[in-house]
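Here's a walk through one model, with the sequence and structure to follow along. Have both open as you read.

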Amino acid sequence: MSRSMLFRVLAALVAVSSLLMQPVAAAQQSEPPRPEAGTGPGAPVPDPRPGEAFADPAVAALQRTATDVQRELADLSGLVEAAAVELGTATRAADAARAERAAADEVVAARQAEVDEFAAALLATQARPGGLHVLLTVDGPADFLQGSAMVERMRADTDATLTAALDRQEAAAAAERAAADAQDTAAQRKADLDRRTADATNRAAAVSSEMRGRIAETDAAVVAAQRAQRERNERTAANWRAYTARLAEAGITPPPAAALRDPARLPPGLRALPGRDGPQAGVAETVLTGGERLLVLPAETIAAVDTAIGALGKPYVPAKGEGPVAYSCDGLVKAAFGSVPSAIGEQFATLAPVPAADAQPGDVVFIGPTRLGVQSVGVVLDGRTMLAADARLAGVVVTDLPGPDTVVGVARPALGPRPARPVPSAEPGGLAWRCGSVQLPPRGPGEAAGAWGGYPNGLIPPAALCRIGVGAHALRCDAAMSYRAMAEAFSAAFGRPLCITDSYRTFAAQVRLYGEKPALAAVPGTSNHGWGLAVDLCGGIQSFTSPEYRWLAANGPRFGWSNPAWARPGGGREEPWHWEYTG
């Protein structure tokens, strides 16, 4: 075998060695594509709420369907992501093999020049040095012995070099074959991954198409339910206005609450209203000409119900919702009656209780059941309905009074406060409920809780959200108000508006994005964008080292906004632009 062939075989051996090491190094150094998920790494977060947390059975059935599809899409997303990683590894390996082969060719050329130079030097001697040549050219016995030893060493070195060259020849030939086999395997693997990726993309498109059809049907059902709710709200508001108009027609001016607290000493023309345990305090009735009986409520109670009626259709928020933009269930009661406590537990503890059978318009009803503690409160309108900021319906609505097994108490604010009484608490170990729906804990550090209200991710009615004042961007109302405040502070600091690219993301938009980029986009129904609790920002904030990001990292938490731990450097999926409302 020629020396040039020997060098080519050795170069192939080096190429194979580099091929085995290169994919790992490349995988560590290459930058991943920009993620667009808005979710942390790992499995998508399913919606853990039970069916009764939803607005109606049809929506609950949709949620089960959505959860099944989310799981399917999550499996598909994992397949595509794994295929992309394998494809990248195979491609980098093939590229490394080609690069090493090119480098080996350059080494061969350089070594061949050295070999040629050495061969020319040997030929210049006209013969191989031997003992006789040494004897004829030395000056004495010592030189002869030294020269003979040198010749023997040269002969041994030459033999060893030849033997080593032959050994390397055999090893390099095997390495060359291995390199060729490795390249063929990489090419075959690349073709297989191309087919798998194409198949996964096609299946993602098929699932996306199927979901669009399901979502269209569900969206129509949600719209119909909202329309029916608005009509019910309007009928109830009209009935209440008819009642107050009837009082005026009868010439009755509602008395102050203090005047009705003693059933035995009512204003002229009024009489006590019978109750379960005798005459009721805080309300009265009058008998009109013709025998018509007309309920008379205190002026403060009528004003409170007027306020609550005026809030019909306003959005629901889980906490500290005292209006006028949005309400929580206890926040609505606080806004209506003014002097009552803000928190539902304190309202139950201090408002004067009355028998549930004696409930009258303007009373407040506390809702359980007992195993959930006092988890909601509403304003009684009549014997069948109440007005409440209802989490399931995601707004201030007229809804049915719950059954006796769900009512944990009724109170009459017109009677004034009473010494505190014990408040039923939820049984340990269960889900936390508030205002008719499950209240979930945060998913992780700096991350929003996720599911709220009675609608699935991305299918929240527009009436339950609030605009933030930039284009069509909207969020849950408490998040929207906090965002506005944060944006004003940012503008004061930088002299320009806070830049935003994404806020609430509908389910249809999530499905469309997933169909376009199944390896990058979030599985539909899993991102906090679909709960109206996340934004994607721009204008410098998309870089961890920018002044804008540093300002937001320092000031965002005081407005309730956080860049989740998973989205920060080293968190698993770096998304400096993604911020969530944690309250």
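Averaged over the chain, pLDDT is 79, and 68% of the residues reach 70 or more. (pLDDT is the predictor's confidence in each residue, on a scale from 0 to 100.) This is a predicted model, so local features need pLDDT of at least 70 and side-chain atom pairs count only at pLDDT 80 or more, while totals for chains, interfaces and linings use all residues. Numbering starts from 1 along each chain as its sequence is written, and side-chain values use heavy atoms, with hydrogens and water left out.

Two stretches call for some caution. Over residues 1-35, pLDDT stays under 50, and the model has 51 contacts beyond four places in sequence for them; a contact here means heavy atoms within 4.5 Å. Residues 125-130 also stay under 50, with four such contacts.

## Helices α5 and α6

A word on the naming: helices (H or I, at least four residues) and strands (E, at least two) are DSSP runs, numbered from the N terminus. Helix α5 (residues 299-310) packs against helix α6 (residues 329-337) at an angle of about 130°, with the axes 8 Å apart. Those axes are lines fitted to C-alpha atoms, for helices over the stretch in contact, and the angles run from 0 to 180 degrees between N-to-C directions. That makes α5 oblique to α6, given that angles under 35 degrees count as roughly parallel, over 145 as roughly antiparallel, 65 to 115 as roughly perpendicular and the rest as oblique.

On the α5 side, the contact uses Ala304, Thr307 and Ala308; α6 brings Leu332, Ala335, Ala336 and Phe337. These residues split into six nonpolar, one polar and no charged. (Nonpolar covers Ala, Val, Leu, Ile, Met, Phe, Trp, Tyr, Cys and Pro; charged covers Asp, Glu, Lys and Arg; the others, Gly among them, are polar.)

## The loop between them, and a cis proline elsewhere

The loop between α5 and α6 holds Lys320, which has a positive phi of about 55° although it is not a glycine. Pro324 is found in that loop too, joined to Gly323 by a cis peptide bond with omega about 0°.

Another cis bond links Gly368 to Pro369, with omega about 5°. Pro369 sits in the loop between β6 and β7 (376-380).

## Helices α8 and α10

Helix α8 (residues 477-494) and helix α10 (residues 547-555) have axes that come within 11 Å and cross at roughly 135°. The two are therefore oblique to each other, and their crossing is right-handed.

From α8, Met486, Ala489, Phe490, Ala493 and Phe494 meet Pro547, Glu548, Trp551 and Leu552 of α10. The tally is eight nonpolar, no polar and one charged.

## Aromatic pairs

Rings of Phe, Tyr and Trp (its six-membered ring) pair if their centres lie within 6.5 Å; planes under 30 degrees apart count as stacked, over 60 as edge-to-face and the rest as tilted. By this rule there are nine aromatic pairs. In one of them, Phe348 and Phe366 have ring centres 5.2 Å apart and planes at 80°, so the pair is edge-to-face. Phe348 is in helix α7 (residues 344-350) and Phe366 in strand β6 (residues 364-367), so the pair ties together parts that are 18 residues apart in sequence.

Terms used:
A crossing is left-handed if the near helix is turned anticlockwise from the far one by less than a right angle, and right-handed if clockwise.
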